[in-house]
Amino acid sequence: MKENPNAPVAVTRSSLPPLEEYVEMLKPLWESAWLTNMGDYHEAFKEQLKSYLKISNLELFVNGHMALELALQAMELEGEVITTPFSFASTTHAIVRNGLEPVFCDINPVDYTLDVEKLEGLITERTSAIVPVHVYGNLCDVERIQQIADKHHLKVVYDAAHTFGEEWEGKGVGEFGDVSMFSFHATKVFHSIEGGAVSYRDARLSDRLYQLKNFGIMDSERVEYVGANGKMNEFQAAMGICNLRHVDEEIGKRKKLAEVYRQRLSGVKGIRLCPENPKVRSNYAYMPVVFDGYRKSRDQVFQELAQAHIHARKYFYPCINHYTCYKGRFNENSTPVAARISRQILTLPLYADLDKETVDRICDIVL
């Protein structure tokens with residue numbers, strides 16, 4: 001689909017199935033009037049996701065944040081949790097809202113994931129878990145992180161919001177660590193309008209996750225946990241089922257556009273792109289570009305694109321340990337690489353319905 005050259009270009013746009021396909025899915029909901037509380041679509045969607053993502057255990061949630069927050073609660077963690085400040089607000093908020101203390105580890109300057117060389121030095125007797133973030137679809141060093149976690153008897157909970165459908169040497173990304181959280185927000189590669197899921201290694205977490213997303217209710221007369229309302233409804237599940245039929249085609253379109261960006265921007269002095277990892281089956285979720293010593297600053301490129309009605313995103317900026325809500329709580333200077341990258345990085349528009357001509361126009365402005 002060609003873009004109108006005068007129309008605004010968003011940094012992303014939700015992929016949607018054919019309207020008739022989704023409407024057909026809704027007809028049984030009108031017949032049954034079962035709209036939420038783990039109905040037929042909820043259960044079907046869960047099983048389809050387990051197969052597609054190559055994972056053994058999965059629980060659905062109303063959104064990714066609630067999935068992460070309740071997963072941390074289900075694991076009954078205490079004390080300190082090591083994570084990264086280079087992420088979306090949800091990651092740290094979920095930790096703090098569980099009464100845990102985030103300890104920020106810096107990122108590596110190559111793929112912007114947690115720097116495993118700095119990880120072990122942050123572990124104390126109060127550390128109970130590591131919450132690394134797969135950033136832009138770049139997978140963390142899952143092998144080294146697991147080795148360190150095993151050595152110190154720590155849990156590993158991945159924020160995998162950016163990695164739907166990705167694999168590491170043929171293994172589904174949700175199989176790494178103790179838990180992985182996926183987001184199905186409308187802006188993601190794959191979505192269920194809103195939605196999220198948790199994959200987990202220990203099958204004993206199943207009942208706890210289910211109960212926590214349903215107010216902690218055990219049966220009609222017993223409530224054993226202080227839970228939340230984290231249930232995915234049937235409309236979300238129906239959208240997820242529809243989009244799952246088309247997601248490989250959508251990723252294929254993203255790949256072609258990412259290749260155009262790489263052809264145009266690779267090898268330009270002062271512009272840095274994330275290296276492609278041959279071990280990873282990518283989902284081409286984002287197009288992050290770092291401007292480091294380029295003749296234009298990141299903010300200048302951002303403004304020039306905005307003047308052309310092209311909306312890039314300073315993602316992630318600022319770092320979480322610079323947030324106003326955490327002012328005075330964390331040392332803002334403890335993660336200098338994350339701070340520097342946050343000032344230099346820009347994610348350029350990338351979505352399945354974007355056309356090559358618009359990508360070329362974006363690159364022309366950048367260059």
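Biologist: Let us begin with a single residue. Is Thr 335 buried or exposed?

Modeller: Please keep in mind throughout that this model is predicted. Burial is judged from relative accessible area, and a residue under 20% counts as buried. Thr 335 has a relative accessibility of 0%, so it is buried. Its place is in the loop between helix H9 (298-307) and helix H10 (336-344). Leaving aside residues up to four places away in sequence, Thr 335 touches Pro 85, Phe 104, Cys 105, Asp 106 and Asn 321.

Biologist: How many residues does the largest nonpolar core have?

Modeller: In soluble globular proteins, nonpolar side chains tend to be buried together. Here the largest nonpolar core has 92 residues, and those with the most contacts inside it are Leu 49, Phe 86, Phe 184, Tyr 261 and Leu 348. Helix H8 (residues 234-265) supplies the largest share of this core, 13 residues. Apart from it lies another core, of 26 residues, including Phe 61, Met 66, Leu 70 and Val 131. Returning to Leu 348, its contacts beyond four places in sequence include Val 11, Tyr 261, Met 287 and Ile 362.

Biologist: Turning to strands, how many residues of strand S9 are buried?

Modeller: In strand S9 (residues 196-200), 5 of the 5 residues are buried, so the strand is largely enclosed by the rest of the structure. Gly 196, Val 198 and Tyr 200 point one way, while Ala 197 and Ser 199 point the other way. S9 pairs in the antiparallel sense with strand S1 (residues 58-61) over 4 bridges, and Leu 58 has Ser 199 as its bridge partner. Strand S8 (residues 179-183) also runs antiparallel to S9, joined by 5 bridges, with Phe 182 opposite Ala 197.

Biologist: How should I read the aromatic pairs, and how do the rings of Trp 30 and Phe 235 lie?

Modeller: A pair of aromatic rings is described by the distance of the centres and the angle of the planes. The model has 19 aromatic pairs. For Trp 30 and Phe 235, the centres are 6.1 Å apart and the planes stand at 85°, so the pair is edge-to-face. The pair links helix H1 (residues 19-32) to helix H8, with the two residues 205 apart in the chain. Trp 30 is exposed, at 64%, whereas Phe 235 is partly exposed, at 26%.

Biologist: Where does the charged end of Lys 171 sit?

Modeller: The charged end of Lys 171 sits over the ring of Phe 176, 4.7 Å from the ring centre. Likewise, the charged end of Lys 314 sits over the ring of Phe 302, at 4.6 Å from its centre.

Methods:
Residues are numbered from 1 along each chain as its sequence is written. This is a predicted model: local features need pLDDT of at least 70, side-chain atom pairs count only at pLDDT 80 or more; totals for chains, interfaces and linings use all residues. Side-chain values use heavy atoms; hydrogens and water are left out. Buried means under 20% relative accessible area, exposed over 50%, partly exposed in between (1.4 Å probe, protein chains only). Contact means heavy atoms within 4.5 Å. A nonpolar core is a set of buried Ala, Val, Leu, Ile, Met, Phe, Trp, Tyr and Cys residues joined through side-chain atoms within 4.5 Å. Two strands pair if DSSP finds at least two bridges between them. Rings of Phe, Tyr and Trp (its six-membered ring) pair if their centres lie within 6.5 Å; planes under 30 degrees apart count as stacked, over 60 as edge-to-face and the rest as tilted. A charge sits over a ring if NZ of Lys or CZ of Arg is within 6 Å of the ring centre and within 35 degrees of the ring normal.
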